[in-house]
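Subject: Structure handover

Hello,

The sequence and coordinates are below. My notes on strand pairing and packing follow them.

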Amino acid sequence: MRTAMLDEQEIVSSMEKSLRNKEFKVWYQPQYNHATGGLIGAEALVRWIDSKDGHIVPPIKFIPVFEKNGFIYELDKYIWEEVCANLRKWLDEGIKVVPVSVNISRVDLFHDEFINVIQNLLTKYSIPIYLLRLEITESAFSEASDSVVESVKKLIEEGFTVEIDDFGSGYSSLNTLKNVPAQILKLDMKFFNNTDKSGRSGNIIESVVRMAKWIDMEVIAEGVEEQNQADYLKSIGCYYIQGYLYSKPVPLEEYEKIIRENKKEIKLFKSFTVKEIDNSKFWDPDSMDTLMFNSYIGGACIFEYRNKNIEFLRVNDRYKQVLGRFAPVDENLFNMDIQKYLFGKDREKFFDLIRKSIEDKTESSTNICLKESENDDENVEYIKITIRVIAISGNDHLFYCVIENYSNQKLIEKSKIEAELKEKRISKQLECIMDNSLNGITAVVVGKNAETDFIFINNRYYEILGCTKEQFEAEVKNGFDLILAEDRENVISQVQKLTEVGQSYKIEMRATRRNGEVICLRDTINTISMEGIAEPVQLSNFVDITNEKIIENQLIFANECSHDIIS
């Protein structure tokens with residue numbers, strides 16, 4: 001402890017002189033896009049190089065001391081100006097410059113004029129505001145009052161890009177995200193530690209990356225030292241890294257060589273959100289957006305589509321009910337995923353719907369079947385699914401999805417179709433019976449003015465009249481026209497009396513065939529009702545009795561002759 005006190009006294013006694021002598025140097029640690037290898041920025045770090053012997057005083061020794069005695073504010077102002085001066089120098093040299101992050105300590109935040117100080121530096125050196133990012137350690141928010149949060153909000157309102165540094169190292173990380181509208185999250189890679197054998201650290205990092213992305217924050221992972229760490233980060237959508245894998249902090253001269261020789265990417269990927277969706281409100285459990293989502297009368301969910309994989313992030317209360325027999329027994333979001341119930345064409349339709357929605361940038365719908373297995377056509381739920389992209393980040397898409405179960409409607413339609421098919425079968429069977437009947441059969445509605453509206457005529461009826469169906473339809477305007485004029489009035493009179501269902505009547509008449517031949521017919525008429533027809537229908541059964549009448553007339557003639565002979 002005594003040694004530590006002596007070290008602290010020595011640091012305090014020499015800090016002001018060292019600052020005047022410019023013993024504090026700005027070093028830069030580059031930041032890269034691991035997906036492309038492009039340089040996307042750098043963090044400015046301070047190094048204290050003792051002028052006596054040239055050794056570097058470790059920051060861990062003097063930073064806590066300066067934060068304790070308040071000198072950190074003077075040092076930070078010096079670093080800010082050095083960075084601005086360097087940025088100006090590079091711009092004047094025509095170098096394509098990437099943004100530089102400078103540290104803002106919690107002590108700085110308590111100085112009322114510190115925002116003006118930074119703004120004045122940008123003005124003094126004519127630096128575009130996007131080139132100077134402000135990095136604030138997460139602990140500053142947990143240990144400070146609401147005034148600190150308000151100061152940060154003011155910086156953002158003024159147009160500065162604010163980064164939350166060392167995220168995950170404190171115990172109020174989620175609270176910080178909720179209260180501070182920063183644009184960039186710097187993820188502390190201490191999560192990757194060798195003591196974690198369960199893989200929980202990777203799950204935590206993936207959750208943080210996804211969470212940050214959908215609240216419009218970009219993530220830079222700092223402290224990345226191994227290739228497998230960087231590759232894992234890229235696989236979960238965190239492309240930006242800072243650490244010894246690419247570069248340790250380097251002096252000004254080395255960094256200038258890096259920015260001259262490396263390809264650069266000025267613009268970071270940002271989550272794009274559709275205009276109608278306010279992410280900050282949508283993910284707020286107390287907001288009206290959430291209330292409307294949970295109260296929606298249909299099933300609704302939010303899912304993420306990334307690398308052809310889908311993960312459900314949120315469902316409302318009705319979603320589970322709409323799934324019907326496939327509803328999970330628990331509330332596990334993984335079990336809410338309908339993919340495992342999609343097979344063959346239905347699976348193709350679902351992913352085609354996703355691609356269409358992404359390409360067209362519009363709401364898209366399709367109908368799919370949920371099944372237990374590909375060949376199970378008995379236990380099926382019919383679902384109409386409608387989706388829409390609500391946010392985009394790189395190749396990742398966030399979807400709003402509404403599902404509607406129309407299984408009952410489908411069953412009704414299926415029953416109706418089966419009934420119609422059955423009716424058609426019966427109709428065909430009946431038609432076949434009628435066509436093979438020895439008698440001519442017709443079903444006709446007779447109007448008040450003796451007009452005839454034929455509903456059915458079998459083939460035998462056409463044969464009796466010596467014509468085809470086509471000839472009959474083309475030539476016959478009224479069925480009564482086929483009856484000889486001497487018999488017609490009587491037949492019409494008798495037929496028009498049959499107005500009540502259940503009535504029947506038998507009548508004989510003479511009719512003319514198409515070739516002009518006169519034939520005798522006996523018509524047995526039954527008055528019936530038919531579905532879909534308001535008027536009574538007269539079902540006629542015609543028998544050709546021409547030969548019968550000839551024989552009858554011959555017998556009559558023979559009897560008459562016999563009577564004359566006998567007389």
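This is a predicted model: local features need pLDDT of at least 70, side-chain atom pairs count only at pLDDT 80 or more; totals for chains, interfaces and linings use all residues.

Strand 2 and strand 4 (residues 100-104) run parallel and are joined by two bridges.

With strand 1 (residues 24-33) the pairing is antiparallel and counts nine bridges. One of the pairs is Tyr32 with Leu39 of strand 2. Five residues lie between these two strands in their hairpin, and Gly37 there takes a positive phi near 80 degrees.

With strand 3 (residues 56-57) the pairing is again antiparallel, over two bridges. Here Ile49 stands opposite Ile56. This hairpin has six residues between its strands, and Gly54 in the turn has a positive phi of about 80 degrees.

How much of strand 2 is buried? Of its 11 residues, 10 are buried, so by the cut-off they have under 20% relative accessible area.

On packing: in soluble globular proteins, nonpolar side chains tend to be buried together. In this model the largest nonpolar core holds 78 residues, and Phe66, Leu75 and Val83 have the most contacts inside it. Helix 3 (residues 72-92) contributes the most to this core, with 10 residues. Leaving aside residues up to four places away in sequence, Leu75 touches Leu19, Phe24, Val46, Phe62, Ile63 and Phe66. There is also a second, separate core of 26 residues, with Tyr319, Val322, Leu323 and Ile385 among them.

Regards

Technical notes
Residues are numbered from 1 along each chain as its sequence is written. Side-chain values use heavy atoms; hydrogens and water are left out. A nonpolar core is a set of buried Ala, Val, Leu, Ile, Met, Phe, Trp, Tyr and Cys residues joined through side-chain atoms within 4.5 Å. Buried means under 20% relative accessible area, exposed over 50%, partly exposed in between (1.4 Å probe, protein chains only). Helices (H or I, at least four residues) and strands (E, at least two) are DSSP runs, numbered from the N terminus. Contact means heavy atoms within 4.5 Å. Two strands pair if DSSP finds at least two bridges between them.
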